[in-house]
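Work through the exercises below with the structure open. Each task is followed by a stepwise solution.

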Amino acid sequence: MPRASGCPLDPAPELAELQERAPLVRVRLWDGSTPWLVTRHAEQCALLSDRRVSADWMQPGYPFHTRFLRDHHSEGQFLTAMEGPEHLRLRRMIARPFTPRMVEKLRPTIEQIVDDRIDALLAGPEPADFVSEFALPIPSRVICHVLGVPYQHHDFFHRAIRAVTESDVPAEVASKSERELYHYLAKLIGHKLAHPDDGLLSQLATERLATGQLNRHELVMLVLFLLISGHETTASMIALGTLALLLHPDQIAVLRDADETGVAGAVDELLRYLTTVQPGRRRVAVEDIEIAGQLIRAGEGLILPEEIGNRDESVFPDPETLDLRRDAGRHLAFGFGVHKCTGQPLARLELQVVFTALFRRIPTLALAVDPDDLPFMDDGLGYGLKGMPVSW
Ligand code: HEM
């Protein structure tokens, strides 16, 4: 569903209309299937935490985003597509570096990375592309640091990740890129076993692979998923969050006056308002479920677009307004239930550091083009900006 022209930060108007009409409606997907679209916050939370609802894309009726994902889903499972004890086992293995306590230890490193990127931006030509010069390199450097993946290979893995996650890439190109990423990580694991370091990849290789708790395929898929998750999601939030603030200068003032708790709340509101992970969580009912006066039958697909749940006025009064002082704590931008984002403390801290430093160090930051001319990215597994020329 396309967004309305002139309103690039608001969800598609059809979604708001559907939300008003009913909590659950039938929609037609690219492959002709007709899953349920869940429009409201309460039903989205209820279904995302219901054990009769599965994220397992091997289950018949799963509503795939793209043809590529449908045709290649048996090649290797990602964490988000697993359920039950298997999911919990792997989720626990990667949890440690993403706990708030461990993430807080990364604060000086993240502050240094952000400061370096601001220095580089200011030293470079004007206008500059905010996305390639700032929004993308920051999460990329951070996740490389956490995992122990060499940042100097970022051109390669970033291009390959784009090919795997964007829906308009030819299937053979996406498939080739996925294989290249897989082999790259498999080789890196071999290297880490011989030369261990402090990164998560090394830790998993020496403590879990070498002891037989993980096999090599599971380890590659886990790290591949983390590499993908750690990049585009946070980069999109940095770029779109900056755009949202530039379009609402009164909110930049709120952010500047905020203390640490205020900045954390402001980031939650930006996450709610922008909800960049799209187009919706995908699930399938594995038993019959009655909800909001509807019967969802076992085998029927579910799409839960958080971008519209996050604009539900029964939870967020005046939802179309970006208000950095509001309590947006119940937003669903990181998902809900057992699959809720493992990396959220890291993403939150990155965003807090970025928005604090950016507007303090570059108070004159401005768009160098008309907002209507910005190229938005809406064909992948997330919403974002392909580029954003800025000056200062
Ligand atoms: C602003 C940035 C981010 C956003 C908006 C975001 C959003 C999400 C969402 C919506 C989910 C739920 C998927 C589902 O239920 O199907 C998720 C899961 C996940 N995210 Fe994030 N994410 C972000 C950053 C990160 C980062 C930095 C990492 C760490 C590398 C990360 C790692 C994960 C993992 C491992 C899962 C899977 C959890 C599971 O299935 O148990 N994310 N994320």
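For the class counts, Ala, Val, Leu, Ile, Met, Phe, Trp, Tyr, Cys and Pro are nonpolar, Asp, Glu, Lys and Arg are charged, and the others, Gly among them, are polar. The model is predicted.

**Exercise 1.** Describe the largest pocket by volume, lining and residue class.

Step 1. Take the volume: about 660 Å³.
Step 2. Count the lining: 29 residues. Nearest the pocket centre lie Met1, Gln278, Pro279, Arg282 and Asp378.
Step 3. Sort the lining by class. It gives 15 nonpolar, seven polar and seven charged residues.

**Exercise 2.** Which residues come nearest to the ligand, and how does the shell divide by class?

Step 1. Collect the residues around the ligand: there are 26.
Step 2. Pick out the nearest: His87, Arg91, Arg283, His339 and Cys341.
Step 3. Classify the shell. Its residues are 13 nonpolar, ten polar and three charged.

**Exercise 3.** Find side-chain N or O atoms that pair with ligand oxygen atoms, using a cut-off of 3.5 Å.

Step 1. Start at histidine 87. A side-chain N or O atom there is 2.6 Å from a ligand oxygen.
Step 2. Go to histidine 339. Here the distance from a side-chain N or O atom to a ligand oxygen is 2.7 Å.
Step 3. Check arginine 281. Its side chain has an N or O atom 3.3 Å from an oxygen of the ligand.

**Exercise 4.** Which element gives the largest share of the shell around the ligand?

Solution. Helix H12 does, with seven residues.

Technical notes. Residues are numbered from 1 along each chain as its sequence is written. This is a predicted model: local features need pLDDT of at least 70, side-chain atom pairs count only at pLDDT 80 or more; totals for chains, interfaces and linings use all residues. Side-chain values use heavy atoms; hydrogens and water are left out. A residue is near a molecule or strand if one of its heavy atoms lies within 4 Å of it. A polar contact is a pair of N or O atoms within 3.5 Å; within protein, one must be able to donate a hydrogen and the other to accept it, and residues adjacent in sequence count only if both atoms are side-chain atoms. Helices (H or I, at least four residues) and strands (E, at least two) are DSSP runs, numbered from the N terminus. On a 1 Å grid over the protein atoms alone, a cavity is a set of points where a 1.4 Å probe fits but cannot get out, and a pocket is an open set with protein on both sides within 12 Å along at least five of seven lines; lining residues have an atom within 4 Å of a point. Grid points are joined across faces, edges and corners, and a volume is the space filled by probe spheres set on the points.
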